[in-house]
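Take a look at the chain below. This briefing walks through its sheets, its cores and its helices.

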Amino acid sequence: MTNKLSAGLAALASLGTSPALAAQPVDWQMGFQPAATDIMEQIRSFENYTLWFIVPITLFVLALLVYAMVKFRASANPTPSKTSHNSLIEVIWTLGPVVILLALAIPSFNLLTAQYSPPEADYTVKATGYQWYWGYEYQTENEVSFDSLMLQEADRVAAGKEDVAAYPRLLAVDNEFVVPVGKTVRLLVTAADVLHAFAMPAFGVKMDAVPGRLNETWFKAEVEGMYYGQCSELCGKDHAYMPIAIRVVSQEQFDAWLTAAADDVEAANRNLVAAIEADAKSVDVAANDQN
């Protein structure tokens with residue numbers, strides 16, 4: 001599993017030279033986004049595993065349908081059989097699905113156990129869904145809370161987010177949810193008005209946000225970068241404009257951001273973006289010097 005995750009992270013990093021291009025939807029995408037957590041890698045593995053059952057079953061049923069249509073059509077079989085019982089067939093179509101379900105149940109139970117058995121949390125963050133944006137509260141020594149709204153096109157220049165590839169339309173936000181890489185984040189999810197759902201595809205996270213109820217999930221991002229998701233529960237007329245953006249940074253960058261965000265979240269975000277861009281330029285310069 002670790003080797004698969006490493007391969008997935010390598011593919012993730014290859015999507016762009018900037019960490020901001022880590023994981024987002026792409027044109028003509030048919031599969032999942034590259035996995036950024038071990039849980040998501042397990043989900044991808046389970047999906048591939050189930051295809052080994054789904055494809056043969058689908059082809060087998062299709063073959064039976066074609067056979068029945070050809071073999072027992074009225075012109076070729078004018079006198080239908082009156083057979084109503086076959087013990088062998090009944091045993092096969094009873095035991096066959098049972099064996100298949102057992103083969104699917106065991107790995108699915110292992111996955112569910114991993115999803116609902118989180119390690120000890122390094123950080124706890126509460127995410128509250130509103131119509132139509134998210135609010136975040138960091139339960140840390142330095143109290144940090146802010147709202148995260150979809151970035152308006154007119155605000156790109158002021159926010160320093162002109163790069164549409166890194167900050168895509170309808171997915172970029174004004175204030176990202178910032179977490180450190182390699183740390184377990186306990187996420188408390190609720191809503192203040194109607195049903196919402198917190199979903200981050202690259203993390204394998206999807207949790208309903210229910211008014212008056214506190215649901216819990218977790219994630220541990222293994223690579224730095226920007227990750228995009230959306231509210232995944234119909235919540236009103238602006239449901240499509242309620243994105244989720246999580247920025248995964250180094251521990252040092254996160255500590256600096258958390259300290260600054262206690263006084264001014266927007267200024268902390270600008271400083272964080274500047275630091276990330278400076279690091280990216282340093283890496284590019286070093287790579288060019290080696291070449």
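Which residue in S7 does Ala 199 stand opposite? Ala 199 stands opposite Lys 206.

This is a predicted model, in which local features need pLDDT of at least 70 and side-chain atom pairs count only at pLDDT 80 or more, while totals for chains, interfaces and linings use all residues. Residues are numbered from 1 along each chain as its sequence is written, and side-chain values use heavy atoms, with hydrogens and water left out.

**The chain overall**

- The chain has six helices and 10 strands. Helices (H or I, at least four residues) and strands (E, at least two) are DSSP runs, numbered from the N terminus.
- Of the 291 residues, 36% are buried. Buried means under 20% relative accessible area, exposed over 50%, and partly exposed in between (1.4 Å probe, protein chains only).
- Take the contacts with a separation of 6 or more: 67% of them involve residues 24 or more positions apart. Contact means heavy atoms within 4.5 Å.

**The sheet that starts with S3**

- Five strands make an open sheet in the order S3-S2-S1-S5-S8, and the pairing is mixed. Two strands pair if DSSP finds at least two bridges between them.
- Strand S3 (144-148) and strand S8 (215-219) are at the edges; each has a single partner strand, so one side of each has no neighbour in the sheet.
- On average, neighbouring strands here are turned by 25 degrees against each other, direction ignored. Axes are lines fitted to C-alpha atoms, for helices over the stretch in contact, and angles run from 0 to 180 degrees between N-to-C directions.
- S1 (residues 123-130) and S5 (residues 185-191) run parallel, joined by seven bridges. Thr 124 has Arg 186 as its bridge partner in S5.
- S1 and S2 (residues 133-138) run antiparallel, with six bridges. Gly 129 stands opposite Trp 134 in S2. A hairpin of two residues links S1 to S2.
- S2 and S3 are also antiparallel, with five bridges. Tyr 136 is paired with Phe 146 in S3. Five residues lie between S2 and S3 in their hairpin.

**The sheet that starts with S4**

- This open sheet of five strands has the order S4-S10-S9-S6-S7, with mixed pairing.
- Strand S4 (177-180) and strand S7 (205-209) are the edge strands, each pairing on one side only.
- S6 (residues 196-200) runs antiparallel to S7, and five bridges join them.

**The nonpolar cores**

- The largest nonpolar core has 43 residues; among those touching the most other members are Tyr 136, Phe 177, Ile 246 and Trp 257. A nonpolar core is a set of buried Ala, Val, Leu, Ile, Met, Phe, Trp, Tyr and Cys residues joined through side-chain atoms within 4.5 Å.
- Beyond its neighbours within four places in sequence, Ile 246 contacts residues including Phe 177, Phe 198, Phe 219 and Tyr 227.
- A second, separate core has 10 residues, including Leu 151 and Tyr 228.

**The helices**

- In helix H5 (residues 251-261), the buried residues are Gln 253, Phe 254, Trp 257, Leu 258 and Ala 261. These cover an arc of only 130 degrees around the axis, so they sit on the same side of H5. The arc is that of the directions from the helix axis to the C-beta atoms.
- H5 lies across S4 and S10 (243-249), and runs at about 135 degrees to S4.
- An unreviewed UniProt entry places the feature "transmembrane region" at residues 49-70 and 91-112.
- Residues 49-70 are 100% helix, with end C-alpha atoms 33 Å apart. Residues 91-112 are also 100% helix, and their end C-alpha atoms are 31 Å apart.

How values were computed: UniProt positions renumbered as here; feature names shortened; annotations may be inferred.
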